[in-house]
Amino acid sequence: MTKKTDEYRLIFSKILGRTIRNLRESAEMSQEKLGRQADVSRITLGKWENGKVLPDIYELYKTIGEICPNQASFWESFEGKFDPIFQEMEKAADLEKYREYMQLAKKKERNKR
């Protein structure tokens, strides 16, 4: 991963975490209660909310179902919001792959000599 990709992933993680925290607090639930209901540890939930870890999509879906009565509205709120970030992450990942391929090509060329 490139530094830029890591930056975008961090931004996404922080925004998603803040959203989870806001929904949980709006539902007047503690991390422990939500964790029990969603089968996720309080510690894991805290890491999500602090943007330290991106949740597994299945766990996220289950957790959101516990705190958001209309899950579709939650997912729609993100629609298109992160497209620029994802596009930049893809570009950075493609650039990283390109660099790796170039390094491999150079090594192969050196080995031929």
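Select Arg21 first: at 25% relative accessibility, this residue counts as partly exposed (buried means under 20% relative accessible area, exposed over 50%, partly exposed in between, with a 1.4 Å probe and protein chains only). The structure is a predicted model, in which local features need pLDDT of at least 70, side-chain atom pairs count only at pLDDT 80 or more, and totals for chains, interfaces and linings use all residues. Residues are numbered from 1 along each chain as its sequence is written, and side-chain values use heavy atoms, with hydrogens and water left out.

Glu49 lies in helix H3 (residues 42-49) and Arg21 in helix H1, so the pair ties together parts that are 28 residues apart in sequence. Helices are DSSP runs (H or I, at least four residues), numbered from the N terminus. Glu49 is buried, with a relative accessible area of 3%.

Then select Arg24, whose salt bridge with Glu49 has its closest N and O atoms 2.6 Å apart. This pair links helix H1, which holds Arg24, to helix H3, which holds Glu49, across 25 residues. Arg24 counts as buried, at 8% relative accessibility.

Arg36 counts as exposed at 56% relative accessibility, and Glu32 as partly exposed at 44%.

Key: Helices (H or I, at least four residues) and strands (E, at least two) are DSSP runs, numbered from the N terminus. A salt bridge is a side-chain nitrogen of Lys or Arg within 4 Å of a carboxyl oxygen of Asp or Glu.
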